[in-house]
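Try each exercise yourself before you read its solution.

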Amino acid sequence: MKTVWTIAKREYNQYFNSPIAYVVMFMIMLVLGIIFAIVVRSSMDQAMQMQAFGGPATAPDNTPITGNLAFLLVFSIPALTMRLVSDETRMGTMELLLTAPVRDWELIVGKWLGAFLFILTIAALTLVFPLMLNFQINNGLDPKQLVSSYLGIIFVAAAFLGMGVGISSLFSNQIAAFFLTMAAFIFLWWMVGFPASLVQGGTNLFQYLDMKSHFYDTFNMGKIMLADIVYYVSLTVLGLFVGTTAVEMRRWR
Amino acid sequence: MIRVNGLTKDYGSRRAVDQITFDAQQGEILGFLGPNGAGKTTTMRILTGYMPPTDGEAIVAGYDVVEESLEVRRRVGYLPETVPLYTDMSVFEYLKYMGDLRHLPDVEDRVDEVLEKVGLADRADGTIHNLSKGMRQRVGLAQALLHRPEVLILDEPTIGLDPGQVVEVRKLIREIGKERTVLLSTHILSEAQNICDRVLIINKGRIVAEDTPEKLQARLLGAERVMLRVRGETDDLPFVIEKVKGVQSVDVKEEGLVEFQFAPGQDIRPEVAKAVISEGYDLLEMRPLGMSLEEIFLELTNTERNHEQGAK
């Protein structure tokens, strides 16, 4: 475990030396800031209209912010994971790590954990928007829903990062890793869900595989379901397994 | 400390290492000598646990490189051919990271100690990116020494260093080799002669010779060759030299330049010099011609081929 932590710490610190990480952080904060402004503005308009007609006004919740944060992860996580393993291969430092007393899974999990901690940092920064919103509405946000949404974000990020690390370890070229990772995310997040609406009757495989519904329909609505946790954790483990296997395969080649 | 038995490695259909068997004792510096692509790096990578062999076994520091790879890696220091460095880190950060990966107690003191040893103490806070090739090589060496390994495996440790640094690094290796096992690869014969207790010559994945550097050279040199240069015309100089007792053959290379051979062990150079001068020639230069690595290789691979043909 100490080895995992050592690797994770280096990867985490590494992000603060890289322009890409700052760009990702800035982009997420900017987009969420704009969405926050729109949410506040439209709720105000709506409230004034409702006042004019005498109907009840609905207060906004955290869903636009956390929902869009999840959406932004689809595009930003490939940029954070693309170099994780591929860069070691390119720079030749893989030889160093593979001849140090580091188990293959420790290397992969360490890399993943470093990226995960970085995403947690970004997620913590985005808390500023729900908190501001909290003070602008009368009864405040529903704290349970907020916690549930952020828990969902954490699981989604974990799964994305797991897959990203796995794909990164298949390549020695970061651009290739970037595009394949993004393609995989887009596929799981949107495309796999399309056939679900076409297939008649009951729950089906496509529905289960659809990544976004495990977040938007439950976590983001304040429902923490074991099935969704299992889904995201499985994807994380699968990605880390692919990564570990890829490193092992490299030895046998 | 190192025991290798029938080690074989295939890359697809190409056999990079073919049935290699050798061992190395504690306190011994073993040199791997061979041309590029001979299988030196592959053998070293197997011994460091980087990749498993196709066949055969290797025991390093008492552990099997395949079965107990992690134990082997704990006890081996390795400097790969292309020094693997995180160029965006400082020298100190890099070494501390490597020390942490190996769970070294009081890493920071140890890093300072090793940096002192390789002569980089004043560059500890500098970014690796800004270091010269020689300095990077020494950072790599520091990394290999960090955990006081029982076995040190160095792939071309002096490549890219300037002559002064080469002398320093060789001194350092000799010092380490007193207590530990060192396996180093090189394609420079003089380097092998300089530091190694024993040399393995490896070609096309096979060991073609194994001995101390001195014996190896003596064995290969059936005769000693000397080059001799005089001012002006060569004339009948070959006849003058031939008359000296012990000379086996004389060969005129060009005008004023003559090569002669004599049996090893009986140095007749003074007699030749006297004879040449007494005949009125102006002797400019007289120089022994060592056998170059290339020649040794040709020699060894030729004898091997002859053996093979003989067997058929």
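What follows is a set of worked exercises on this predicted model.

**Exercise 1. Describe how α3(A) and α8(A) are arranged: at what angle do they cross, and which residues meet?**

Find helix α3 (residues 63-81) and helix α8 (residues 143-168) of chain A; their axes come within 9 Å and cross at roughly 20°. Angles under 35 degrees count as roughly parallel, so α3(A) is roughly parallel to α8(A). The handedness of this crossing of α3(A) and α8(A) is right-handed.

Now for the side chains to click on. From α3(A), the residues in contact include Leu69(A), Leu73(A) and Ile77(A). On the α8(A) side they include Ile153(A), Phe160(A) and Val165(A). Sort the residues of the contact of α3(A) with α8(A) by type and you get 12 nonpolar, 5 polar and no charged.

**Exercise 2. Work through the pair α3(B) and α4(B): at what angle do they pack, and what kinds of residue make the contact?**

Begin with the geometry. α3(B) and helix α4 (residues 107-117) of chain B pack at an angle of about 125°, with axes 9 Å apart. That angle makes α3(B) and α4(B) oblique to each other. The crossing of α3(B) and α4(B) is right-handed.

Then list the partners. α3(B) brings Phe92(B), Leu95(B), Lys96(B), Gly99(B) and Asp100(B), while α4(B) brings Val107(B), Glu108(B), Arg110(B), Val111(B) and Val114(B). By type, the residues of the contact of α3(B) with α4(B) come to 5 nonpolar, 1 polar and 4 charged.

**Exercise 3. Look at where the chains meet: how many residues does each chain put in contact, and which element of chain B gives the most?**

Count both sides: 20 residues of chain B are in contact with 18 residues of chain A. On the chain B side, the elements that give two or more residues are α2 (69-75) and α3 (91-101). Of the elements there, α3(B) gives the most, with 4 residues. The side of chain B that touches chain A divides into 11 nonpolar, 4 polar and 5 charged residues.

**Exercise 4. Classify α1(B): how many of its residues are buried, and what follows the helix?**

A residue is buried if 20 or more other C-beta atoms lie within 10 Å of its own. In helix α1 (residues 40-47) of chain B, 8 of the 8 residues are buried, so the helix is largely enclosed by the rest of the structure. The buried residues of α1(B) include Lys40(B), Arg45(B) and Leu47(B). After α1(B) comes Gly49(B), with a positive phi near 80°.

**Exercise 5. Inspect two residues with positive phi, Arg148(B) and Lys204(B): which loops hold them?**

Arg148(B) is not a glycine, yet its phi is positive, about 45°. You'll find Arg148(B) in the loop between α5 (133-145) and β7 (151-155) of chain B. Arg148(B) counts as partly exposed because it has 15 C-beta neighbours inside 10 Å.

Lys204(B) is not a glycine either, and has a positive phi of about 50°. Its loop runs between β9 (198-203) and β10 (206-211) of chain B. With 16 C-beta neighbours inside 10 Å, Lys204(B) also counts as partly exposed.

Terms used:
Residues numbered from 1 in each chain as written. Chains lettered and ligands numbered in written order. Predicted model: local features only at pLDDT ≥ 70, side-chain atom pairs only at ≥ 80, totals over all residues. Buried ≥ 20, exposed ≤ 12 C-beta atoms within 10 Å, placed from the backbone. Axes fitted to C-alpha atoms, helices over the stretch in contact; angles between N-to-C directions. Parallel < 35°, antiparallel > 145°, perpendicular 65-115°, else oblique. Left-handed = near helix turned anticlockwise from the far one by under 90°. Contact = placed C-beta atoms within 7 Å. Nonpolar A, V, L, I, M, F, W, Y, C, P; charged D, E, K, R; others polar.
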